[in-house]
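Good morning, colleagues. Please look at the sequence and the structure on the screen while I go through the points I have selected.

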Amino acid sequence: MTATVEERKATNKALIDEVLKAYPEKMAKRRAKHLSAYEGGKPDCGVKSNIKSLPGVMTIRGCAYAGSKGVVWGPIKDMVHISHGPVGCGQYSWANRRNYYIGTTGIDSFVTMQFTSDFQEKDIVFGGDKKLEKIVDEIQVLFPLNKGISIQSECPIGLIGDDIEAVSKKKSKQYHGKTIVPVRCEGFRGVSQSLGHHLANDAIRDWVFDKTDTGHTSEFESTPYDVAIIGDYNIGGDAWSSRILLEEMGLRVISQWSGDGTIAEIENTPKAKLNVLHCYRSMNYISRHMEEKYGTPWVEYNFFGPSKIEASLREIASHFDDTIKAKAEEVIAKYKPLMQAVIDKYKPRLQGKRVMLYVGGLRPRHVIGAYEDLGMEIVGTGYEFAHNDDYQRTTHYIKDSTLIYDDVTGYEFEHFVEGIKPDLVGSGIKEKYVFQKMGVPFRQMHSWDYSGPYHGYDGFAIFARDMDMAISSPIWGLTKAPWKA
Amino acid sequence: MTATVEERKATNKALIDEVLKAYPEKMAKRRAKHLSAYEGGKPDCGVKSNIKSLPGVMTIRGCAYAGSKGVVWGPIKDMVHISHGPVGCGQYSWANRRNYYIGTTGIDSFVTMQFTSDFQEKDIVFGGDKKLEKIVDEIQVLFPLNKGISIQSECPIGLIGDDIEAVSKKKSKQYHGKTIVPVRCEGFRGVSQSLGHHLANDAIRDWVFDKTDTGHTSEFESTPYDVAIIGDYNIGGDAWSSRILLEEMGLRVISQWSGDGTIAEIENTPKAKLNVLHCYRSMNYISRHMEEKYGTPWVEYNFFGPSKIEASLREIASHFDDTIKAKAEEVIAKYKPLMQAVIDKYKPRLQGKRVMLYVGGLRPRHVIGAYEDLGMEIVGTGYEFAHNDDYQRTTHYIKDSTLIYDDVTGYEFEHFVEGIKPDLVGSGIKEKYVFQKMGVPFRQMHSWDYSGPYHGYDGFAIFARDMDMAISSPIWGLTKAPWKA
Amino acid sequence: MAHVIESKKACAVNPLKMSQPLGASLAFLGLDACMPVMHGSQGCTSFALVLLVRHFKEAIALQTTAMNEVTSILGGYDNIEAALLNIRKRAAPKIIAICSTGLTETKGDDVHGFVATVRKRKPELDDTAIVYACTPDYVGGFEDGYRNALTAIVRTLVKPLPVKADQLTLLPGSHLSPGDIVELREMMEAFGLSVIVLPDISGSLDGHIPPDWRGTTLGGTTLDEIRAAGASALTLGVGEQTRDAALALQEIVGTPLEIFDRLTGLEVNDRLLQRLAQLSGQPVPAKYRRQRSQLLDAMLDGHFYTGGIKVAIAAEPDLLLAVGSLLHEMGAELRCCVSTTKSASHALLPAKTVILGDLEDLENGATDCDLLVTHSHGRQAAARLNKPLLRIGFPVFDRVGNAHRCQVGYRGTMALIFEVANLMIDQIKHHHATDWPVSPEALHAASTVIAAPEISASPTQPSLVVASA
Amino acid sequence: MAHVIESKKACAVNPLKMSQPLGASLAFLGLDACMPVMHGSQGCTSFALVLLVRHFKEAIALQTTAMNEVTSILGGYDNIEAALLNIRKRAAPKIIAICSTGLTETKGDDVHGFVATVRKRKPELDDTAIVYACTPDYVGGFEDGYRNALTAIVRTLVKPLPVKADQLTLLPGSHLSPGDIVELREMMEAFGLSVIVLPDISGSLDGHIPPDWRGTTLGGTTLDEIRAAGASALTLGVGEQTRDAALALQEIVGTPLEIFDRLTGLEVNDRLLQRLAQLSGQPVPAKYRRQRSQLLDAMLDGHFYTGGIKVAIAAEPDLLLAVGSLLHEMGAELRCCVSTTKSASHALLPAKTVILGDLEDLENGATDCDLLVTHSHGRQAAARLNKPLLRIGFPVFDRVGNAHRCQVGYRGTMALIFEVANLMIDQIKHHHATDWPVSPEALHAASTVIAAPEISASPTQPSLVVASA
């Protein structure tokens, strides 16, 4: 694009105005606050965020249950997570995220299984606490090697007056202090999955840490190089391809939150010397708590693309002694030629390609560096469920004039893509087929489209290949029929 | 069927007459000699056999190449068998028979591979001996662990004056006495695959035994209980389920001809104390030769169905001492309850079902006992390429009035089945779809329809299940459309 | 024939069942220019939407009333009104179709009353049809949601009209794919009949590229067609789940009905074609006579591979009956049958028992089976048991082409037979010498005859292969 | 684009190629009331017959002149005469179609002359058409035999007739299945055109149950239809192998011709439909506009699984071009291409090289590929390499339903895409922690944190499973 920054800003403003015209006035006013073209140098992106969605205006957001069960708790592999309530939502979302793990499913690991109390009418009318007790008992018999149980509340639980906390305490006592965690993540709470993350973090604080603090002992031996990976859900192996870099630089990873993680690792985490935080949005709460209560410092990092990995490795190393710092440099040097080879192969094919993103968590900003390493340009980005602190952080990544859209509706996003005509859209499966059918190359940036990992040096090679495959497919030349529609 | 023997004979005669009417007179006369209803007590079945087929009257027969490469030589696993000539016939018949074997295909075993000299026009015009030499050289490089090579002549070889015997001798010498066997099994020789068996047997005599006799030594240590299995091609594992019974009765199987067999085993066979012969038709020649030249006695046996297995085990044991005889009785006793269980399960479902057979080798008579063990009745049988001695042997199996058809044509067989309306036809894949489409349950009795083994006690259980599955399928009730065709 | 047993467990482990709002949404997605809406929290719609997208690989029109903490307690009138107005204003659908969820049913929202009130207060909605189905998550399952939605469509939109003798209404069950509907419509039109398919996902979810993009459904039964169903001479339902809607049509319009419990199989299609011949006065077209003959041939070819196999199958009632009965006709034994809810269909299933249970019940019952049959969530059980899985029903998210899969009519039945038979061909057990363990004596004997096989020095590494045809 | 390389080996190991008489027989099997005859020893016919039966799962009409030791030397006149008379007398076909074999061509039998002599001497054959094709096993391959037979049919039986503007002759290549032919005929008839398909195996080898049994072919192009081809306004060939016959029709009758190098893929079908629209003066029917849109959608859905994969493919030239080009359009790389004979098709293949070789060449070239594509004899190479095999071409003897498989037109292309994509979905590599080997130090560290996983005492034995969506 040869347009100047100012021209691009003007174009983006015009696009936003056009989109807003289609709304009733009151609604247009409200939506206007969520859309902007970034003004370089400003401390945030100029959009409002974390505000409730409108009835009849579907966006891409999930709910609190999704944030707690789907994101934070679900990957903890040696616990059984009960979707407590009717069969619907838990079943619909079963295995949506590819949180990889090692273990024997159904014996000592349960991540890809789905457990529900399958409420019937009588449970709604008479309450489900008795059933929940029975379920806990059944799980102890069916899966004796489980290391804990979490109770993930679905919507009706919050209305019928069930006391799942009491059941949890009673059953924990009955089973000799077993970890049983009630989570009040009913879907109607909050404005998106974001509150679910927070509730899930708080439940770890209240039902895991507090219990551990009061007498629950472990035989953990500290070392000066202990770190915990926080906010990596190991989608497609992301945490594994990250962990190896930390280990190569001499650190000891004592815990993974929560991809391929165990409840014992979670319990040990306050003993880490440093918490390294990838997904800030979903796990900043517990990181702050550990800092306050246990004095564990935390640092954000970004393992997408060699530039950001390099900076992050140095940043993490800066919290340790010179041995670690030197080793970090060795790791960087070791992978440099490999990364150069990837860039040499793909950059000539991808240089200048324009990308629009719309994702959740950390990705709308974190992946930008990886695209730029390939010579690509981010022309628009937005978050599903960000807060203002996310948009502040985003300013470090984006360029002047970038189009910003918070909690975007399908209608808005389609119009923006039609207006901007990017070479690639990176978003979720809900949008995938809209854009694909419009003839725009598309990659799912939640689940990596069954590919991945994208984290770490190994991940970058896969990321580059996937982006090239999407953009360079011969199919994009065939879409036009030779006759009139 | 409540008809008397005489009524059945009359019906069968009438059927034969009707079929013959459709032929020109001269042809009818010739075909009449191949069709009959068995007269109980007669020493043969009253049919002529081993006479050449007629142009334009396709029967189910193969050719000499099929008998040599396809039946006798092909299963010898550590040799490379070259289909020498154009690419056609060997390629068409590749992997038609499921001769199972143990070994690493392409390294020390070659059964399921196909090798051809793929003659081009220039090879026909200028001769193929040079190409054959080059092929032998290539095989030595590509497959250095091969233990021998056989050259299976296709039709043109016999016309163009190639001297494959000279090439074989030359190359054998060059490779330090390597076993290289030329077989003159051109497809136009003889009237069926039967001559191919004979030519293949003779080639073993002339190019393997004679060489071994003259100085080629092996470190073979004899025992008094050495036997060789002759004429079992291990289709679906037949030889394995047979061998175990011989071993259980205390015999040592030193050779399998030729399913899962090696050239070393073939060479050692004259040292056996007894040759046990399953497929008389294809290997009686070499058995007689070993008896004459080396004094190795031979005995026919039949391992289809418990009655015949029992009799055969006793017959084989009768050639050895009392230890073996006693062990044979132990084997029989051991399997009796298992066999009774099979019969108890299937006989009530199959009792009285009428079967027509048309197969090759030993099967038109050998399998009759197995059907009878299940209460089924053979109402017609015939051979593709039998000689008179086969039909003599058949009289020990069949009942008075059984319809006999030698080298039957498709046209005749269809008419017979339409006339007799059996509950099951057991024949080859060429016929399968004709009868299946006529609504007659069918099993392939060459390749066991991808099932098997059918030999031995284990095989009988599979045989019974398969026959029941064919006859009892719910599909036979659905064939009639509710409207007029 | 099957005896129904309910699972005793309180905990559903790896559930088979989907809940009602999803089934209702599928029915609504078969209406043209329609906006389906779930009355519940945004999460319900989000999850349902993703699952529909993953199965159909299509953009899906689905809206939410976005209930929140406050409105969940106070009641959802405001959200219903706001949703209706926002949708009407921006997407201008012909039909807005609402289903309820566990949340709003637990609260007890009177959506019928809400809609009546909105109608009075907001004349700008006069040009928009509004359908409402009551579908709490905690009652019944997917088929029930679909049935309730279909019945609601009929009761809300169909009125009596003068009968057209050559028109029939086809009510496909939720287990029929777009490809199935195309096949059935073709069969009926071949007799010169005109067919109203209700709902018709073959117009909206058949995997095509739409020429434009409106945000509502694009294709499906139009409002005019739904209304025209009042003139049909016959209602033909596929699956027990269509009976309520067919009875509603009989009650409202007086249309006679005929419910085919399934259209997968030979004999059931014989009956369908005869019924169509009778209705139309036309003979069965040559094309279908040929296809019958092809199907019969396919059954003969296939039965060698399906005869005697033991099957573990888990599906919603009508799909279980359709696929289970065909497998039975192909000689298979339905060793373990699992379903979601009670249904008259179970009485027809050629099996001893049906467990109303979950995929754990399937996995436990499948240990001695040769084949597992269920939706994509059965893939883990199949992997653990090392047995093949035939994917049927909803969701099948790990295969492409679901919309075009056809398992009804002669042709669809044939395709299903080939699919099963080819899956079983891949499982044919090839015997190996070790199946007949050789005694130590024999091994010793053999070792003096033949040297142990030499290990190849070749750089290629072919695996040990037992020959097979 | 591809550069053709001939294999240097004298020995063909696991050959890809089938010889001419088989291809010729397939062409003859597409004629109605025909008796194909191989002039050679009985074994040739026996082998060919069995292979055709195994692929089509059909009873196959095929006869032999049963040459023996004596007649092979003296010449086959008597056998030809006897075969013709015996066949005429018993089966009364309308057409007897003879092809030669390696045996009789080596001997040099003048079958054209023989037939002329028989014609003179035996007036009882006057009512029987006799076609002869020269097809030695030692020249060319399957496609060549088919081409020669097809050309012989045209040259023997077609004469000029007044042109019918709305009639065209479709010459399908030997790589087209009965299902392919049905699809193409429907496409053409949708424009109001009448189509003569020559030869038409969709009538004879489409897996149906015939109402009666004559011993000759049952279905296929009738003798009258063959003759009527003299009136067509256009010859449309599918595959380079049909060019000779199309040129013969041009030479004899003057019919213009158009050869489509393939009809698998999107753009080629666009061209076909435009040509049909032009010929008929009709617009492209809505059905095919919809199908195009569905195919495009399928390509978009499928390309995630086929993009960037490396393919090793072995097939006859026209089939190689059809399937290879589609895979290329789906983003795959044709890493290793093997074919049988020279052909103008190779010049169009989007690959660097084509080896004229065998399946050993394929196996060697496939070591770093993700997918093997060839006929059923490739299954062993695929097993040794532990890679998936897509079965195409002839023979496919270890699958049922070959006759109904369709890979042409928009719909057939779509089906093939789904088949490939679903095969590749099953191969998606799921990463495992061991892909990033953890250092001994780290392992030690980890072991002090978490106890080694306990071994289950449970009687069930689930396998180690890495989670996946």
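This is a predicted model: local features need pLDDT of at least 70, side-chain atom pairs count only at pLDDT 80 or more; totals for chains, interfaces and linings use all residues.

Between chains C and D, 37 residues of chain C are in contact with 37 residues of chain D.

On the side of chain C that touches chain D, the elements that give two or more residues are α9 (201–204), α13 (286–306), α16 (379–385) and α17 (409–425) of chain C. The largest share comes from α13(C), with eight residues. By class, the residues of this side are 14 nonpolar, eleven polar and twelve charged.

Chain C also carries an annotation. In an unreviewed entry, UniProt places the feature "domain: Nitrogenase/oxidoreductase component" at residues 19–424 of chain C. Over residues 19–424, chain C is 47% helix and 16% strand, and the end C-alpha atoms lie 32 Å apart.

I turn now to chain A and chain C. Here 62 residues of chain A are in contact with 67 residues of chain C. The two chains bury about 5500 Å² between them, with 64% of it on carbon and sulfur atoms. Which residues of chain A lose the most area to chain C? They are A:M58, A:Y92 and A:K437, which together make up 16% of what that side buries.

Across the interface of chain A and chain C, three salt bridges are found, together with 27 residue pairs in polar contact, both residues at pLDDT 80 or more. To the side of chain A that touches chain C, α6(A) gives the most, with six residues. That side has 35 nonpolar, 16 polar and eleven charged residues.

B:R31 is found in helix α2 (residues 25–32) of chain B. B:R31 counts as buried because its relative accessible area is 5%, and the cut-off is under 20%. The side chain of B:R31 makes a polar contact of 2.7 Å with the side chain of B:E412. Beyond its neighbours within four places in sequence, the contacts of B:R31 include B:L20, B:Y23 and B:D406.

How values were computed: Residues are numbered from 1 along each chain as its sequence is written. Chains are lettered from A and ligands numbered from 1 in the order in which they are written. Side-chain values use heavy atoms; hydrogens and water are left out. Helices (H or I, at least four residues) and strands (E, at least two) are DSSP runs, numbered from the N terminus. Buried means under 20% relative accessible area, exposed over 50%, partly exposed in between (1.4 Å probe, protein chains only). A polar contact is a pair of N or O atoms within 3.5 Å; within protein, one must be able to donate a hydrogen and the other to accept it, and residues adjacent in sequence count only if both atoms are side-chain atoms. Contact means heavy atoms within 4.5 Å. UniProt positions are given in the numbering used here, feature names are shortened, and annotations may be inferred rather than shown by experiment. Ala, Val, Leu, Ile, Met, Phe, Trp, Tyr, Cys and Pro count as nonpolar, Asp, Glu, Lys and Arg as charged, and the others, Gly among them, as polar. Buried area is the accessible area (1.4 Å probe) that two parts lose on being put together, summed over both. A salt bridge is a side-chain nitrogen of Lys or Arg within 4 Å of a carboxyl oxygen of Asp or Glu.
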